[in-house]
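Please keep the sequence and the structure in view while reading.

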Amino acid sequence: MSKAGSIKTFKPEKGFGYITPADGTDDIFFHLQCVSNGGDLDMVPGAQVSYDEGLNERNGMMKATAVHLAVAGTPNSQLMGMAAMGGMKGGMGGMGAMGGMSGMGGMGGMGGMG
């Protein structure tokens with residue numbers, strides 16, 4: 001039987017996050033591979049989802065499976081910034097191109113800060 005909840009957190013660089021169940025039980029782990037619609041940029045806090053539960057064989061705890069995005073959440077400024085950077089899929093590689101950007105203090109690849 002499908003359960004309802006909302007996205008609590010999502011780490012696009014790792015591809016996983018946690019759902020807060022609507023029934024008030026403990027938060028449950030989910031992986032982006034189990035999401036039937038939407039992508040990493042859709043996994044914003046507050047987004048309403050339905051899901052099934054299954055056993056996470058790695059740790060013996062429950063996990064969300066067959067996650068379906070029902071209603072989109074409202075992105076916060078941190079997530080909007082990450083979306084502008086391509087969802088952070090490539091990790092921090094490419095930060096060197098930000099060396100001369102306004103507001104970055106010309107940190108040139110984040111090196112030389114020590």
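This is a predicted model: local features need pLDDT of at least 70, side-chain atom pairs count only at pLDDT 80 or more; totals for chains, interfaces and linings use all residues.

How many nonpolar, polar and charged residues does the lining of the largest pocket have?

## The largest pocket

Sorted by class, the lining of the largest pocket consists of 10 nonpolar, four polar and five charged residues. The lining comprises 19 residues, and those lying nearest the centre of the pocket are Phe29, Asn56, Asn59, Met62 and Lys63. The space in this pocket comes to about 380 Å³.

As for where the lining comes from, strand E2 (16–21), E3, E4 and E5 each supply at least two of its residues. The largest share belongs to E3, which provides four residues of the lining.

## Aromatic pairs around Phe29

The structure holds three aromatic pairs, and one of them joins Phe16 to Phe29 in a tilted arrangement, with 5.4 Å from centre to centre and 35° between the planes. Because Phe16 lies in strand E2 and Phe29 in strand E3, this pair ties together parts that are 13 residues apart in sequence. Phe16 counts as partly exposed, at 21% relative accessibility, and Phe29 is likewise partly exposed, with a relative accessible area of 22%.

Another aromatic pair is formed by Tyr18 and Phe29; this one is edge-to-face, with 5.9 Å from centre to centre and 75° between the planes. Since Tyr18 lies in strand E2 and Phe29 in strand E3, the pair ties together parts that are 11 residues apart in sequence. Tyr18 has a relative accessibility of 35% and therefore counts as partly exposed. Through such ring pairs, Phe16, Tyr18 and Phe29 are linked into a cluster.

In soluble globular proteins, nonpolar side chains tend to be buried together. In this model, the largest nonpolar core has 14 residues, and those with the most contacts inside it are Ile7, Ile19, Phe30 and Val67. Strand E1 (3–11), strand E3 (28–31), E4 and E5 each supply at least two residues of this core, and E5 gives the most to it, with three residues.

For Val67, the contacts can be listed individually: with residues up to four places away in sequence left out, Val67 touches Ile19, Phe30, Cys34, Val35, Ser36, Asn37, Val49, Ser50 and Tyr51.

Is Ser6 buried or exposed? Ser6, which has its place in strand E1, has a relative accessible area of 18%, and because buried means under 20%, Ser6 counts as buried. Leaving aside neighbours within four places in sequence, Ser6 is in contact with Tyr18, Ile19, Thr20, Gly46, Ala47, Gln48 and Val49; among these, Tyr18 also belongs to the ring cluster.

Met61, by contrast, is exposed, with a relative accessible area of 53%, and it is found in the loop between strand E4 (48–55) and strand E5 (62–71). Computed along the chain, Met61 and Phe29 are 32 residues apart, while in space their C-alpha atoms are 8.9 Å apart.

Definitions and conventions. Residues are numbered from 1 along each chain as its sequence is written. Side-chain values use heavy atoms; hydrogens and water are left out. Buried means under 20% relative accessible area, exposed over 50%, partly exposed in between (1.4 Å probe, protein chains only). A nonpolar core is a set of buried Ala, Val, Leu, Ile, Met, Phe, Trp, Tyr and Cys residues joined through side-chain atoms within 4.5 Å. Contact means heavy atoms within 4.5 Å. On a 1 Å grid over the protein atoms alone, a cavity is a set of points where a 1.4 Å probe fits but cannot get out, and a pocket is an open set with protein on both sides within 12 Å along at least five of seven lines; lining residues have an atom within 4 Å of a point. Grid points are joined across faces, edges and corners, and a volume is the space filled by probe spheres set on the points. Ala, Val, Leu, Ile, Met, Phe, Trp, Tyr, Cys and Pro count as nonpolar, Asp, Glu, Lys and Arg as charged, and the others, Gly among them, as polar. Rings of Phe, Tyr and Trp (its six-membered ring) pair if their centres lie within 6.5 Å; planes under 30 degrees apart count as stacked, over 60 as edge-to-face and the rest as tilted.
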